[in-house]
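Colleague: Please take a close look at the part of this model where the two chains meet, and describe it in connected form.

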Amino acid sequence: MNKLFVARNPRVAARSLDGEMMIMSARDSTLFTLNKTATILWQSADGTTPLDEIVQNRICTEFEVEREVALQDAEALARELASHEILQISEHPFPPAGGSR
Amino acid sequence: MSGLLEEMTQKALARNIPLSVQVDLTYRCNERCVHCYLDHDDHGEMTTAEIKHLLDEMAEAGVFILTFSGGEIFLRKDFFEILEYARRRLLFCVKLKTNAILIREAEAARIRDIGVESIQISIYSHRPEIHDAITLVPGSLKRSLDAVRFLKAHGLRVVLANVLMAQNAGDYRGVRALAAELGVECSLDPTITPMMDGNRSILSLNVDQDALRQVFRDQSLVGSVDEFCAIAAPADDNTLASLPCSAGHTNCYVSPYGEIFPCVQFPLPTGNVRKQRFIDIWRHSERMNDVRSIRLKDLTTCTSCSHVSGCSRCPGLAYMEGNMRGPSTQDCEKSFARTGVPSANMLAKKRPGINLVQIQVLPAMTSATV
């Protein structure tokens, strides 16, 4: 399987409200809140760390889950977030982008 | 408000987080609207660095929705630098309020690239002779509408803000038709507010009761007229324990000079970010906490009013009348126009006054007249 890279869409608005991440879609101003896994994925989506490394170092250490299962779930989640234009997905690293609060 | 935003607002309220803040970047303006409540001279606006520092503090405090307004925001030469910082670095959900006459194709494209939630543009009439007579700038309607088209062409969400006053009371239907033709939204506000310094002379521009009644009975605006104009159910204990509005609870306002107020319409100074951290003012200002302590049951006059549970009473306007726990006469007039039932405040004012007899000259008056 090719490596996947995920980056935060710079056009969304985002803020952590007492640990819960609020994201407003750039496409239609729909508001989303992210669960714990999605929040980890969002916070780790620097565009240069491969998804499998995020799963290994951030998700598997947080949840008791097998790496392969976690990677499949994370990829599905990343694609869902990408469908809402919250994340961007590529098989190549993204140029560096800004952070989030 | 969407269900999720309502949920997040309740969460912010419970955790004392300022979810939404309006920052006026300048009071300078390139229009001279006859009803404007601002002093347009620059008395020492925050610098670019000061504003960026404030935005850092606001992001840290949990502010999510950030409205840039003025004055005219595009008069600041650093406007795009500030906007980019707010969006790209701090990821605020940014809304803009502007007259848009400085927005051309290039500015619209740049706003699209940076990404904002919406742009609210003041439009007073569909007729240039009326709009331009309110802004006192010939050609301003054309320039503002050109900007609407540029922004719309870039897929941005535009809202026409139509403030009603005596001069344009009959034109709101024309503005709404114009909005529909342009494919943008439209909001209507029938309230002219006093100037920030307390000067109430511009209140004479407010629409009269007949015009208010007409607006409140326009089905295209209010939906079911019977429902909208009905007197609200008597207030129960839950209603009386509720908050008058979100000012100071999940919202606040920052002036171009760094002063923090509970709301743009509530000029009670609570601190200045040039001297204190934003979050310290928000959490610890005695005045902010005083505003926060008010519940409907604490209001003088209004608590016993038949409109208390359905009134649009603005605590800021009440404050500008002299008592933040008192009535806001403009909202009493709206409740009256809506329902035909006078408010407790209106009835009290009609009662024969008590003749006050001054029995002793006050010391201050003595010294002032010597």
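**The contact between the chains**

Modeller: In this model, 21 residues of chain B are in contact with 16 residues of chain A, contact meaning that the C-beta atoms of two residues, placed from the backbone, lie within 7 Å. The model is predicted: local features need pLDDT of at least 70, side-chain atom pairs count only at pLDDT 80 or more, and totals for chains, interfaces and linings use all residues. Residues are numbered from 1 along each chain as its sequence is written, while chains are lettered from A and ligands numbered from 1 in the order in which they are written.

On the side of chain B that touches chain A, the elements giving two or more residues are α1 (3–14), α2 (48–61) and α3 (79–89) of chain B. Helices here are DSSP runs of H or I with at least four residues, and strands are runs of E with at least two, numbered from the N terminus. The largest share of that side, five residues, comes from α1(B). By class, the side of chain B that touches chain A comprises 11 nonpolar, three polar and seven charged residues. In this scheme Ala, Val, Leu, Ile, Met, Phe, Trp, Tyr, Cys and Pro count as nonpolar, Asp, Glu, Lys and Arg as charged, and the others, Gly among them, as polar.

Within chain A, a helix contact may be set beside this. A:T37, A:A38 and A:L41 in α1(A) meet A:A74, A:L77, A:A78 and A:L81 in α3(A). The residues of this contact of α1(A) with α3(A) divide into six nonpolar, one polar and no charged.
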